[in-house]
Amino acid sequence: MNYSQYYPVDVVNGPGTRATLFVSGCEHQCKGCYNKSTWSCDAGHEFDEGMVKRIIADLNDTRVRRRGLSLSGGDPLHPNNVDAILSLVKTVREHCSGKDIWLWSGYEVAQLNDKQRQVVREVDVIIDGQYRRQQSDPSLKWRGSSNQIIYHSRCGDMRQAVDLMT
């Protein structure tokens with residue numbers, strides 16, 4: 001897996017101060033996408049163990065109170081990314097107590113394969129669905145178009161989303 005950008009301190013992509021990873025690789029290629037540079041799986045930098053360690057260290061750094069990790073792209077659930085993302089979210093769960101994980105994907109929850117569902121079960125929030133320019137609404141919080149759905153695990157939405165997949 002490759003990633004295009006990593007922001008150790010981010011206040012835009014989810015609530016509170018967060019660490020945000022923008023992965024490379026997206027087969028949706030939505031019209032009006034603001035992040036076209038992430039579409040190619042080869043774009044950016046190789047995601048390696050060093051980057052995993054940096055993310056864990058940043059999330060645990062007490063000098064900046066980070067609420068959690070945001071995963072965007074590209075698409076974290078792209079087939080090229082899903083194994084590395086699953087490993088990352090499990091590592092965050094193991095080493096970063098109390099941090100939430102948010103994930104944006106162009107795939108709809110009902111379309112996910114088994115491996116992608118494993119990732120969804122490990123995150124706190126997933127925002128699903130492709131960006132649709134004709135449904136764009138700048139007043140929406142955490143999403144670009146009104147077709148996208150926000151599922152929260154704390155409210156039972158994630159359980160409901162996972163139930164939709166079985």
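Predicted model: local features only at pLDDT ≥ 70, side-chain atom pairs only at ≥ 80, totals over all residues.
Biologist: How many helices and strands does the protein chain have, and in what pattern do they follow along the sequence?

Modeller: Helices (H or I, at least four residues) and strands (E, at least two) are DSSP runs, numbered from the N terminus. Here the protein chain has four helices and seven strands, and along the sequence they follow the pattern β-β-β-α-β-α-β-α-β-β-α.

Biologist: What is the order of the strands in the sheet, and which are the edge strands?

Modeller: Strands of a sheet pair through backbone hydrogen bonds, either parallel or antiparallel. Two strands count as paired if DSSP finds at least two bridges between them. In this model an open sheet of seven strands has the order β3-β1-β2-β4-β5-β6-β7, with mixed pairing; β3 (45-46) and β7 (149-152) are the edge strands, each pairing on one side only.

Biologist: Where does strand β4 stand, and is it buried or exposed?

Modeller: Buried means under 20% relative accessible area and exposed over 50%, with partly exposed in between (1.4 Å probe, protein chains only). Six of the six residues of strand β4 (residues 68-73) are buried, so β4 is largely enclosed by the rest of the structure. Strand β2 (residues 18-23) runs parallel to β4 and is joined to it by six bridges, with R18 opposite G68. Strand β5 (residues 100-105) also pairs with β4 in the parallel sense, over four bridges; there G68 stands opposite D100, and L71 has L103 as its bridge partner.

Biologist: Which helices lie on these strands, and how are they directed?

Modeller: Contact means heavy atoms within 4.5 Å, while axes are lines fitted to C-alpha atoms, for helices over the stretch in contact, and angles run from 0 to 180 degrees between N-to-C directions. Helix α2 (residues 82-95) forms a right-handed β-α-β unit with β4 and β5, where right-handed says that, with the strands pointing away from the viewer, the path from the first strand over the helix to the second runs clockwise. This helix, α2, lies across β2, β4 and β5 and runs at about 170° to β4.

Biologist: How many disulfides are found, and why does C41 form no bond?

Modeller: A disulfide is a pair of cysteine sulfur atoms within 2.5 Å, and a search of the whole structure finds zero. The closest cysteine sulfur to that of C41 is in C26, at 9.0 Å, which is too far for a bond. C41 is partly exposed at 22% relative accessibility, whereas C96 is buried, with a relative accessible area of 2%.

Biologist: Which residue has a positive phi although it is not a glycine, and where is its place?

Modeller: That residue is W142, with a phi of about 70°. W142 lies in the loop between β6 (125-128) and β7, and at 24% relative accessibility W142 counts as partly exposed.

Terms used:
Residues numbered from 1 in each chain as written. Heavy atoms only, no water.
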